[in-house]
Amino acid sequence: MQRSILTRQRLIGIFLVGIVLLCSPALTIFDRATTWHGYPVSFLYLFGVWLLLVVLAALAVEGSDR
Amino acid sequence: MLGPKVIVVCALLYLGLLFAIAYWADRRADRKRSVISSPTVYALSLAVYCTAWTYYGSVGRAAASGIGFLPIYLGPTLIAALWGTLLLKMVRVSKAQRITSIADFIASRYGKSQVLGGIVTVIAVLGVVPYIALQLKAISQSVTIMQSYPLVNDTGVVAAIPILQDTALYVALALAAFTILFGTRHLDASERHEGMVAAIAFESIVKLVAFLSVGVFATFVLHDGFVDVFDKAAAAGVMKTMTVASAGGYGNWFSLTLLAALAVMMLPRQFQVAVVENSDESHLRRAVWMFPLYLLLINIFVIPIALAGQLTFAGTAVDADTFVLTLPIAHGQALLSLLVFIGGLSAATGMVIVETIALSTMVCNDLVMPGLLGRWKRIPPPSDFSQLLLRIRRGAIVVILLLGYLYFRFAGEAYALVSIGLISFAAVAQFAPAMIIGLYWRGGTHAGALAGLLCGFGIWLYTLLLPSFAKSGWLPAGFLEHGPFGIALLRPQELFGLSGLNEITHCLFWSMTFNIGAYLYFSMRRQPNVNEATQATLFVDVLKHERPFGVALWRGKAEVHELSRLAERFLGVERARYAFARFADQREVESVDQLPADAETVHFAETLLAGAIGSASSRVMVASVTAEEALGLDEVLDILDEASQIRAYSRELEQKSQELEAATGELKAANEQLKEIDRVKDDFMSSVTHELRTPLASIRAFSEILQDDPRIELEQRRHFLEIIVSETKRLSRLVNQVLDLAKIESDNADWHTEDVDLGELIREGAESTAQLFAERGARVICEVPAEPCVVTADHDRLMQVLVNLLSNAVKFAPQGGGVVRIILQAHGRNFRVSVIDNGPGIAIPDQRHIFERFRQGSGGTEKPVGTGLGLPISRRIIGHLGGRIWVESRPGKGATFIFELPVNDGA
Amino acid sequence: MTKTVLIVDDEPNIVLSVAFLMKREGHTVLTASDGQEALETLVATSPDLMILDVMMPRKNGFEVCSEVRVNADPRIARMPILMLTAKGREAEMKKGLSLGADAYITKPFSTHELVAKVNELLARSSTADAQA
């Protein structure tokens with residue numbers, strides 16, 4: 001019971017992190033029409049954050065099993 | 001090799017395979033060996049979110065506006081992090097109340113209202129049928145493209161084909177047949193459509209693999225990786241500016257993210273797979289990350305494919321929406337084309353099947369049933385509803401798919417179809433306030449939900465659907481430009497003068513504002529009534545209870561057989577009787593007849609029925625066979641409050657009682673131990689007093705004799721005095737040993753541990769007992785190795801043990817011929833000291849007790865000298881030093897006392 | 001007339017002191033150091049009285065007492081038994097008396113009391129014999 005509450009709280013934290021990174025003025029910092037090593041910066045940023053959120057969520061729910 | 005026939009055969013084979021998977025999974029489910037009770041299958045089934053719109057449309061959007069398509073998937077990624085609470089609540093409520101659709105959910109939340117269920121159903125059908133049309137279009141378009149292989153068909157025009165030759169019609173009918181077969185096997189939706197879920201999960205894999213294949217082809221085969229694609233696109237001038245700002249701006253970005261986040265929860269098909277088909281709450285945990293991961297994977301190649309398509313088809317009229325398929329065709333990749341085609345088929349069929357099942361349930365339970373129930377109030381209903389219900393659902397499936405086909409047929413290439421994905425999202429997003437606020441706020445009322453839904457839906461209709469019709473040329477475009485009756489303030493896409501937003505953002509803003517505003521305003525106009533308050537508590541507080549629960553708030557008169565007959569009519573005799581029998585089992589009564597006609601039974605029947613006909617209709621039906629007395633609001637609130645408190649307490653209580661039980665067990669054990677200690681102490685006291693009384697008796701007797709008779713001859717007097725002295729010594733020795741033992745036992749003894757050489761100790765011991773041996777005419781033989789054998793021990797205590805063993809040995813050795821051997825040797829990680837005598841030995845049963853207090857060996861005829869405490873003390877000393885002591889003996893062959901102590905190797 | 005007293009105890013010093021006391025009263029003294037030996041001596045000599053310890057090897061005093069009371073020879077069965085033991089609890093005293101002991105004295109004992117009790121028992125038994 002305690003553990004699942006903790007997991008829920010962590011997930012809510014991840015949600016807030018996601019909001020800040022993807023749906024706040026923070027987004028504009030990386031929203032540039034330039035490239036980085038040939039990749040558009042926005043493309044890298046958005047997929048990078050996406051992957052980060054997936055990994056964090058996976059750690060939050062699967063990690064707490066042990 | 002890819003002729004038109006091959007394409008059709010492949011498509012049919014694929015549908016056949018789906019059919020086989022579904023059939024197999026259903027068979028397994030019947031045998032209670034579910035294939036879908038896996039968190040991974042659950043997460044995959046959620047990917048029904050990705051339809052043909054994703055599969056073909058994302059690339060089209062990317063070609064047009066760069067990264068503007070991403071919010072459709074970032075929104076679900078974000079909201080997925082909240083599933084641990086939000087979706088969990090929905091799942092748990094639905095399980096407890098046997099909710100089978102989103103319409104049922106909203107209707108149930110606001111007092112099981114038939115009106116709300118109906119409204120939600122109408123909105124869902126109107127919003128989603130065009131979306132189904134989009135899938136039919138995608139399928140028929142992909143068939144058309146494939147049939148012209150190896151040429152790239154860039155027309156995709158279908159409207160000219162007569163209806164009876166239209167692939168899409170047959171696709172629609174085939175899907176209807178498939179959906180009917182696996183969507184309406186049973187009535188009770190709580191039994192879920194396992195076959196369908198298995199097929200959907202399989203389709204999710206197929207479409208992902210297909211899309212990744214074409215992505216890899218476009219990125220790594222046609223080009224040298226991502227950077228190469230970007231470079232070439234930039235060189236060719238087809239590279240879009242990859243920024244949010246250029247893809248519609250931040251406002252649109254945020255609103256699309258929000259819209260998609262709401263849609264992934266509110267779309268009827270998502271509710272179906274995520275809530276209704278959920279077989280285990282714990283599956284949510286994996287979905288929280290696996291579903292976003294799926295979305296990430298299926299989107300990673302969208303931009304490269306779009307760019308590669310634009311590079312390949314530069315200067316042609318090929319629609320970017322078809323790049324996924326036309327790209328491999330243009331490069332002559334027959335197998336890859338076929339795989340992509342099948343993948344697209346997966347994406348489209350998956351959506352259509354689940355969406356139609358969900359909608360047909362809603363249409364049946366929330367539109368048709370209330371109407372029929374109204375009719376049956378006047379004329380008697382048919383005796384067996386269950387077949388009728390199934391026919392209604394099957395009919396609904398066919399009608400919905402035909403509606404989708406007709407929409408596709410008439411909208412054709414019109415704007416209304418192209419942008420329908422987001423328009424559908426905006427429609428179902430109208431459910432969000434009533435759903436989500438209703439899960440967290442008790443104050444929401446039926447009136448509030450109704451007003452919110454109607455306002456939101458009205459705004460959607462006015463600002464999004466009508467303009468799309470106007471743009472398709474079905475309505476005069478003038479009212480878009482100037483507003484109805486020339487009122488500029490009411491221009492649908494610049495409502496109240498709000499301009500500068502795109503149409504979706506504009507609609508979302510106004511519809512949500514009015515929806516939420518009306519919901520809150522009408523909810524707060526009055527207190528929730530009895531039904532609303534009851535349901536509000538069941539929904540809002542659902543997570544406070546570990547297991548789903550339903551409070552049975554009901555008072556009145558009911559007949560159990562009436563209820564069971566009602567259930568039989570809707571569910572069929574067999575299934576209803578089975579359910580009632582199980583309920584009787586649960587309530588621990590012998591048969592269904594003995595079920596009490598109380599609130600719990602009525603509640604059970606109502607929930608059972610809700611699975612088949614929806615909560616609102618179920619409530620009406622149950623009310624028709626029972627005589628319910630109205631409960632007052634205060635009464636209900638009291639009961640609910642009490643119930644939730646009782647449940648909270650009872651959980652706490654259960655925990656407490658478990659703790660108590662554990663404590664009681666411990667206490668019992670402790671008590672036993674104390675009793676045992678007490679008994680031992682008692683025995684000990686009794687033994688000690690006995691041992692004290694005996695020498696005291698001699699001392700007193702001889703003292704009195706000497707006192708009484710002063711004329712006793714000198715020799716005898718001296719003898720008697722000697723006895724008195726020796727008995728006094730015995731007494732003090734006993735007292736000392738008792739104190740010693742007590743000290744060791746209570747851990748109060750002072751231990752001076754040091755390195756002790758056992759060989760040295762044995763020599764000392766033999767010396768100090770030499771006198772004793774000499775008196776008894778016994779010999780002592782020491783067999784000690786030359787090198788030092790060092791242990792960590794208290795020298796004096798260890799000496800006490802050795803002397804005790806030696807004196808025991810000599811005591812029992814035969815008078816005059818006693819031989820005692822002391823052997824010291826290494827034994828593994830221990831040193832072992834053996835003291836061997838050639839006395840009478842110790843009887844086997846006595847060997848066990850010899851280390852207990854006051855248990856002297858009884859081998860000799862002569863009373864042995866000793867207190868009976870030597871061995872118990874020795875055992876405690878050796879134990880304290882980390883070793884052990886025991887005896888080996890065969891009666892008549894002497895006894896060997898052995899102790900071992902761990903080697904001190906300086907470590 | 002001299003009486004024969006059998007002293008049964010595994011403590012040599014107790015035997016020695018009691019024997020001294022009995023001899024001083026003019027009784028003939030027999031000794032045994034455990035229960036088994038006591039029964040054998042008893043059958044062989046049929047003494048007039050037995051002073052019996054309880055805690056002894058081989059056979060304890062309670063067992064000896066109950067066996068004596070069921071002996072086929074009436075002289076042995078009716079012989080006075082004085083239990084002289086370190087077991088001083090009320091329950092043990094009751095047990096001894098109910099098993100057929102005529103008197104129960106706990107160690108350490110008063111020599112005067114022991115002698116008086118022995119003489120009293122001997123007198124009582126000879127009266128009973130005379131009446132019989």
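Q: Accessible areas here come from the Shrake-Rupley method with a 1.4 Å probe, and for residues only the protein chains shown count as cover. What does the accessible surface of chain C come to?
A: About 5800 Å², with 53% of that surface belonging to carbon and sulfur atoms. Keep in mind that this is a predicted model, where local features need pLDDT of at least 70, side-chain atom pairs count only at pLDDT 80 or more, and totals for chains, interfaces and linings use all residues. Residues are numbered from 1 along each chain as its sequence is written, chains are lettered from A and ligands numbered from 1 in the order in which they are written, and side-chain values use heavy atoms, leaving out hydrogens and water.

Q: Thanks! How many helices and strands are in chain C?
A: Chain C has six helices and five strands, taken as DSSP runs numbered from the N terminus (helices H or I, at least four residues; strands E, at least two). Along the sequence they follow β-α-β-α-β-α-α-β-α-β-α.

Q: And what share of the residues of chain C count as buried?
A: 52% of its 132 residues; buried is under 20% relative accessible area, exposed over 50%, partly exposed in between (1.4 Å probe, protein chains only). Looking at contacts (heavy atoms within 4.5 Å), 59% of those in chain C between residues at least 6 apart in sequence join residues at least 24 apart.

Q: Switching to the interface of chain B and chain C: how much area do they bury?
A: About 2100 Å², with 59% of it on carbon and sulfur atoms. Buried area is the accessible area (1.4 Å probe) that two parts lose on being put together, summed over both. Chain B brings 23 residues to this contact and chain C brings 21 residues.

Q: How many salt bridges are there across it?
A: One, by the rule that a side-chain nitrogen of Lys or Arg lies within 4 Å of a carboxyl oxygen of Asp or Glu. The partners are C:Glu11 and B:Arg730, with their closest N and O atoms 2.9 Å apart.

Q: How about polar contacts, how many residue pairs between chain B and chain C?
A: Seven, both residues being at pLDDT 80 or more. The test is a pair of N or O atoms within 3.5 Å; within protein, one must be able to donate a hydrogen and the other to accept it, and residues adjacent in sequence count only if both atoms are side-chain atoms.

Q: Which elements of chain B give two or more residues to that side?
A: They are α29 (633-708) and α30 (714-745) of chain B. α29(B) gives the most, with 14 residues. By class, the side of chain B that touches chain C has eight nonpolar, six polar and nine charged residues (Ala, Val, Leu, Ile, Met, Phe, Trp, Tyr, Cys and Pro are nonpolar; Asp, Glu, Lys and Arg charged; the others, Gly among them, polar).

Q: Now chain A and chain B: what is the area buried there?
A: It is about 3200 Å², and carbon and sulfur atoms give 77%. The contact takes 36 residues from chain A and 38 residues from chain B.

Q: What about salt bridges and polar contacts, how many of each?
A: Zero salt bridges, and four residue pairs in polar contact, both at pLDDT 80 or more. On the side of chain A that touches chain B, the elements giving two or more residues are α1 (2-22), α2 (26-30), β2 (39-40) and α3 (41-62) of chain A. α3(A) gives the most, with 12 residues. That side of chain A holds 22 nonpolar, eight polar and six charged residues.

Q: Last one: what is the order of elements in chain A?
A: From the N terminus on, they run α-α-β-β-α. Of the 66 residues of chain A, 44% count as buried, and the accessible surface of chain A is about 3500 Å², 71% of it from carbon and sulfur atoms.
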